[in-house]
Every structure is written in C-alpha cells, then in structure tokens.
Amino acid sequence: MPITFGCSLPSRGNMASPENLTSLALRAEDLGFDSVWVSDHIILPREVESFYPYASDGVATFTPDEPYYEPISTLNFLAGATNSIRLGTHVLIVPYRNPVLTAKMLSTLDVLSNGRLVVGVGVGWMREEFEALGLDYFTQRGAVTDEYLEIFDELWTNKTPRYDGKFFSIDGGGFLPKPIQKPRPPLWIGGHSKPALRRAAKYGDGWMPIGLRPPAILEPTELCEKIESLKELTVAYGRPEDSVTPCFSTHIALTNKPPKGRTLMQGIPEQIAADIRQYQDSGVKNFIFDFAVTTLADQLEAMEKFSREVITLIPHR
C-alpha cells in the first residue's frame, strides 16, 4: 500500500475563510497531497475545566472568540471547489449530532464529492461543550459513539435499515442516497487511548492518533507497540489483522537550517523525511500534517517545500 500524505486546513481561527480554504485545498491538490482535513467543535464555552488531551497543561489553545467552521458543511464547500483530493474530518465528534441526520449528511457529501470522503471520528473530550449542546451523556460518550457508528453502517449498507439500540433506534425507513464508496466511506478512528484502540479494531478502516503533542507523544517505538496491540485486538474481533490502516497526525515545522535540540518533525527536509521513514518503518501508512503557521502565504510555502523537498525522499510512494 502506498504512503499517503494529507494536510490540515485552517477551519478555525484568523486563517479561516472561504478564500483561504479554497486556495489551500486547490494547492494541495495541485501539489499531489492525497487528502485535506478539517476539525470539529460546535460551541465553545467560555469556562472550561475539562482536560484537553493534547496539551501538557491540559488547556486548549482555541477560544470562543474566533470563527470555527462546521466540518461537514466545510467539506461540502470544498467538494465543489476541488476535483480529486480526498476530504476528511479530523475528527468528527460523533456524539454531538443526531446519528441519522449525520449519516445522511455524510452520505450526501460522499455522493457530491464522487466518493472522496474519509470519515475520521472521535468521542469528544469537553464536558462543557456536551452540556452547551443539551447533551447529558458525556460519561457515556464512548458507548454512544459505538452505537452511532453501527447506525451509520446500517443506514449506509442496508436497503431497509433497522437498529434497536440503547440510545437510538431506527425501523426500516427509506435512506437514500447511499454513499458512492462501497460498502461505505472509510471510518478512521481518532484517539490514542485503549478504548480508542478497541474502537478502531472493532469498527475502523483506519486508526488516526495525534502525536508529538505532550502528553500524547507517540514516538515511533511507542506507536509501533500500539500498532501491534491494535493488530491483536483486530484479530480478537474476528477481523484480519491488517484490516485497520495506521495513520499518524502531528504538527510539522520545516526550517532552512538544522535546528539545535530539535524534536521529531522539526527541521530541514532531510530530517523531516528521516523522521517520516521511522514512522513508516513502525507501520504507519498515512500521514496528516499541520504545518503550524499563521498566514496563508506561510502555509502555501510550507506545503510547496514539503511536496518538492520531503515527499520525494520517501520510499514506496
């Protein structure tokens, strides 16, 4: 299987605009990136005590006083602007939305994009956002997510979908259009915890943890161990061990000179390529990079440099 490279798009913050999203998605397509990705939050409370799992102090960096575009709407917009690049949610917080409506929006997106959707999913971490949405099942969000994923599959693959669950039921209604991709759009499961690994093993086509963001480090050796655990869990669920394709997502910082005391995915192109090869040797097949810049011009430059000077150094492309 060839290695794929995706890039995160600025669907929140000062860089978020229709013009920037379109420019970056089209340039990513031209440069040969395989996919573009947008994230998900709906309403950001001003007082948050929940621990953010991708910062060492547990405090999220985004604020309620900046735009945050809804991901399915954003990808529908980008589907009309692009031609071939795959479109992904990184990640869609599954328990936030009615499962039937969400399944319809995603299947519609898959049809309108001619089968380019990748559904990255997660369970969410912010109790306060659940409460702001009027949802009372934060502590059960994992179970809710599992059930909703089963509902997605039922709606996408069966002519007369039926499901009798603890949190939601459906009984044989008509559900069209079905997704173009068969049997359904790929489901990539986010998170690096044991429950996330189990969810990926049971439901996923891909596993997409975020790493190199303390406390979620996931250096190559650690990630390799988790991939082996994922294979064992996948077999335990009665699936072939290679059913779930590993992905790795992180920030990347390209520099013109080798930095002192550098960390992984920071440095000149040769260093970045060497880091990617380490993860490739650990079993990673797909990469999603956030170029950690603050202007459109800087992201375009970083994407160009990565495409021209890093991707060419990666084997089995």
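Phe 62 is tucked away in this predicted model: its relative accessibility is 12%, so it counts as buried.

**Phe 62 and its partner**
- Phe 62 pairs with Tyr 68: the ring centres are 6.2 Å apart and the planes sit at 90°, so this one is edge-to-face.
- Tyr 68 has a relative accessible area of 16%, which is under 20%, so Tyr 68 is buried.

- Tyr 148 and Phe 168 make another edge-to-face pair, with 6.5 Å from centre to centre and 80° between the planes.
- These two are 20 residues apart, and their pair links distant parts of the chain.
- Tyr 148 belongs to helix H5 (residues 141–157), while Phe 168 is in the loop between strand E6 (162–164) and strand E7 (169–171).
- Tyr 148 counts as buried, at 5% relative accessibility.
- Phe 168, on the other hand, comes in at 22% and counts as partly exposed.

**A cluster of rings**
- Phe 5, Phe 33, Phe 287, Phe 289, Phe 291 and Phe 306 are joined into a cluster by ring pairs.

**Charges over rings**
- Arg 141 lies over the face of Phe 138, 4.0 Å from the ring centre.
- Lys 104 lies over the face of Phe 175, at 5.2 Å from the centre of that ring.

Terms used. Residues are numbered from 1 along each chain as its sequence is written. This is a predicted model: local features need pLDDT of at least 70, side-chain atom pairs count only at pLDDT 80 or more; totals for chains, interfaces and linings use all residues. Side-chain values use heavy atoms; hydrogens and water are left out. Rings of Phe, Tyr and Trp (its six-membered ring) pair if their centres lie within 6.5 Å; planes under 30 degrees apart count as stacked, over 60 as edge-to-face and the rest as tilted. Buried means under 20% relative accessible area, exposed over 50%, partly exposed in between (1.4 Å probe, protein chains only). Helices (H or I, at least four residues) and strands (E, at least two) are DSSP runs, numbered from the N terminus. A charge sits over a ring if NZ of Lys or CZ of Arg is within 6 Å of the ring centre and within 35 degrees of the ring normal.
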